[in-house]
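Subject: Structure handover

Hello,

Here is the structure we talked about handing over. Please open it first, then read the notes below.

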Amino acid sequence: MSARPAGGAPCRVVVCRDCCCGNPKVTGVDHAAQTERLRASAPVRVSDCLDVCDQANVIVVQPSAEGRAAGARPVWLGLVNDQAATEDVVSWVREGGPGVAPRPEILDLYVFTPLARRRSDGS
(Lines give C-alpha, C1' and ligand atoms only; values in the text may rest on other atoms or scores of the structure.)
Protein backbone atom coordinates (compact mmCIF):
# COMPACT_ATOMS: atom_id res chain seq x y z
CA MET A 1 0.00 0.00 0.00
CA SER A 2 2.98 2.28 0.43
CA ALA A 3 4.86 4.06 -2.33
CA ARG A 4 8.11 3.29 -0.48
CA PRO A 5 10.53 1.18 -2.46
CA ALA A 6 12.82 -1.15 -0.55
CA GLY A 7 15.65 0.82 1.06
CA GLY A 8 14.76 4.31 -0.14
CA ALA A 9 12.68 7.40 0.26
CA PRO A 10 9.14 7.03 -1.05
CA CYS A 11 7.50 8.59 -4.03
CA ARG A 12 5.92 11.88 -2.87
CA VAL A 13 2.99 13.97 -4.06
CA VAL A 14 2.52 17.74 -4.01
CA VAL A 15 -0.98 19.17 -4.40
CA CYS A 16 -1.64 22.81 -5.19
CA ARG A 17 -4.32 24.29 -2.95
CA ASP A 18 -4.47 28.06 -3.11
CA CYS A 19 -5.87 30.65 -5.50
CA CYS A 20 -7.36 28.36 -8.19
CA CYS A 21 -6.55 24.79 -7.27
CA GLY A 22 -8.46 23.43 -4.33
CA ASN A 23 -11.28 25.95 -4.24
CA PRO A 24 -14.79 26.34 -5.65
CA LYS A 25 -13.47 27.90 -8.89
CA VAL A 26 -12.88 24.27 -9.96
CA THR A 27 -16.42 22.97 -9.64
CA GLY A 28 -17.52 19.44 -8.85
CA VAL A 29 -14.31 18.42 -7.07
CA ASP A 30 -14.13 17.44 -3.42
CA HIS A 31 -10.64 18.85 -2.90
CA ALA A 32 -10.28 17.57 0.66
CA ALA A 33 -11.30 14.05 -0.37
CA GLN A 34 -8.85 14.15 -3.31
CA THR A 35 -6.01 15.17 -0.99
CA GLU A 36 -6.88 12.48 1.54
CA ARG A 37 -7.13 9.83 -1.19
CA LEU A 38 -3.65 10.74 -2.38
CA ARG A 39 -2.39 10.84 1.21
CA ALA A 40 -3.54 7.22 1.63
CA SER A 41 -0.99 6.15 -1.00
CA ALA A 42 2.02 8.43 -0.42
CA PRO A 43 3.31 11.34 1.63
CA VAL A 44 1.50 14.49 0.46
CA ARG A 45 2.64 18.09 0.77
CA VAL A 46 0.01 20.77 0.31
CA SER A 47 1.48 23.77 -1.45
CA ASP A 48 0.35 27.31 -1.94
CA CYS A 49 -0.02 28.43 -5.53
CA LEU A 50 2.34 26.65 -7.93
CA ASP A 51 1.71 29.44 -10.48
CA VAL A 52 0.07 27.27 -13.13
CA CYS A 53 -3.52 28.30 -12.48
CA ASP A 54 -4.62 27.47 -16.02
CA GLN A 55 -4.01 23.80 -15.14
CA ALA A 56 -6.03 23.67 -11.87
CA ASN A 57 -6.08 21.16 -10.06
CA VAL A 58 -2.36 20.49 -10.18
CA ILE A 59 -0.65 17.43 -8.74
CA VAL A 60 3.11 16.92 -8.90
CA VAL A 61 4.37 13.36 -8.46
CA GLN A 62 7.95 13.38 -7.24
CA PRO A 63 10.08 10.29 -7.79
CA SER A 64 11.30 8.12 -4.96
CA ALA A 65 15.03 7.78 -4.27
CA GLU A 66 15.00 4.72 -6.53
CA GLY A 67 13.20 6.66 -9.25
CA ARG A 68 15.64 9.57 -9.02
CA ALA A 69 18.55 7.11 -9.24
CA ALA A 70 16.95 5.84 -12.46
CA GLY A 71 16.90 9.42 -13.82
CA ALA A 72 13.25 10.24 -13.19
CA ARG A 73 12.12 13.83 -12.71
CA PRO A 74 8.94 15.17 -11.10
CA VAL A 75 5.83 14.72 -13.24
CA TRP A 76 3.37 17.62 -13.32
CA LEU A 77 -0.27 16.69 -13.84
CA GLY A 78 -2.89 19.32 -14.56
CA LEU A 79 -6.67 19.39 -14.77
CA VAL A 80 -6.93 16.45 -12.36
CA ASN A 81 -10.57 17.24 -11.68
CA ASP A 82 -12.33 13.90 -11.44
CA GLN A 83 -12.19 10.87 -9.22
CA ALA A 84 -11.10 8.51 -12.00
CA ALA A 85 -8.01 10.64 -12.72
CA THR A 86 -7.20 10.76 -9.02
CA GLU A 87 -7.46 6.96 -8.85
CA ASP A 88 -5.10 6.65 -11.82
CA VAL A 89 -2.56 8.82 -9.97
CA VAL A 90 -3.02 6.77 -6.77
CA SER A 91 -2.45 3.49 -8.65
CA TRP A 92 0.71 4.77 -10.28
CA VAL A 93 2.09 6.13 -7.02
CA ARG A 94 1.38 2.86 -5.23
CA GLU A 95 3.32 1.02 -7.93
CA GLY A 96 6.32 3.29 -7.35
CA GLY A 97 5.73 6.34 -9.53
CA PRO A 98 8.24 8.04 -11.85
CA GLY A 99 11.30 5.96 -12.75
CA VAL A 100 9.97 2.87 -10.99
CA ALA A 101 6.62 2.07 -12.59
CA PRO A 102 5.47 2.93 -16.09
CA ARG A 103 3.06 5.86 -16.13
CA PRO A 104 -0.42 4.70 -17.15
CA GLU A 105 -1.12 5.98 -20.66
CA ILE A 106 -4.30 7.69 -19.49
CA LEU A 107 -2.18 10.04 -17.35
CA ASP A 108 -0.43 11.29 -20.50
CA LEU A 109 -3.58 13.36 -21.02
CA TYR A 110 -2.78 15.29 -17.81
CA VAL A 111 1.01 15.73 -18.09
CA PHE A 112 2.29 19.24 -18.75
CA THR A 113 5.52 21.18 -18.39
CA PRO A 114 5.28 24.37 -16.33
CA LEU A 115 6.21 27.46 -18.37
CA ALA A 116 9.30 28.27 -16.27
CA ARG A 117 10.64 24.80 -17.08
CA ARG A 118 9.84 25.12 -20.81
CA ARG A 119 12.31 27.95 -21.29
CA SER A 120 15.75 26.64 -22.09
CA ASP A 121 17.30 30.07 -22.69
CA GLY A 122 16.50 31.39 -19.20
CA SER A 123 14.11 34.09 -20.45
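Predicted model: local features only at pLDDT ≥ 70, side-chain atom pairs only at ≥ 80, totals over all residues.

Residues are numbered from 1 along each chain as its sequence is written, and side-chain values use heavy atoms, with hydrogens and water left out.

Pocket

The largest pocket has a volume of about 180 Å³. A pocket here is an open set of points on a 1 Å grid over the protein atoms alone, where a 1.4 Å probe fits, with protein on both sides within 12 Å along at least five of seven lines. Lining residues have an atom within 4 Å of a point. The volume is the space filled by probe spheres set on the points, which are joined across faces, edges and corners. By class, the lining has two nonpolar, five polar and four charged residues. Among them are Asp-30, Gln-34, Arg-37, Asn-81 and Glu-87. Helix H1 (31-39) and H3 each supply at least two lining residues. Helices (H or I, at least four residues) and strands (E, at least two) are DSSP runs, numbered from the N terminus.

Helix H1

Which residues of H1 are buried? They are His-31, Gln-34, Thr-35 and Leu-38. They cover an arc of only 95° around the axis, so they sit on the same side of H1. The arc is taken from the directions from the helix axis to the C-beta atoms. Their cover includes E1, strand E2 (44-47), E3 and H3. Buried means under 20% relative accessible area, exposed over 50%, and partly exposed in between (1.4 Å probe, protein chains only).

Cores

A nonpolar core is a set of buried Ala, Val, Leu, Ile, Met, Phe, Trp, Tyr and Cys residues joined through side-chain atoms within 4.5 Å. The largest has 19 residues. Those with the most contacts inside it are Val-13, Leu-38, Ile-59, Val-61, Leu-77, Val-89 and Val-93. Two or more residues each come from strand E1 (12-16), strand E3 (59-62), strand E4 (75-77) and helix H3 (83-95). H3 gives the largest share, five residues. Apart from this core lies another, of 12 residues, including Cys-16, Cys-20, Cys-21 and Phe-112.

Leu-77 also contacts Phe-112 (heavy atoms within 4.5 Å). Beyond four places in sequence, its other partners include Asn-57, Ile-59, Val-89 and Tyr-110.

Trp-92

Trp-92 is in helix H3. Its relative accessibility is 2%, so Trp-92 counts as buried. Trp-92 and Arg-103 are 11 residues apart in sequence and 6.4 Å apart in space, C-alpha to C-alpha. Not counting residues up to four places away, Trp-92 touches Val-61, Val-75, Pro-98, Pro-102 and Leu-107, among others.

Backbone

Most residues other than glycine have a negative phi, and most peptide bonds are trans.

- Ala-56 and Asn-57 are joined by a cis peptide bond, with omega about 0°. Asn-57 lies in the loop between E2 and E3.
- Asp-51, not a glycine, has a positive phi of about 65°. Asp-51 is in the loop between E2 and E3 and is exposed, at 66% relative accessible area.
- Leu-79, also not a glycine, has a positive phi of about 60°. Leu-79 is in the loop between E4 and H3 and is partly exposed, at 43%.

Best regards

Terms used. Nonpolar A, V, L, I, M, F, W, Y, C, P; charged D, E, K, R; others polar.
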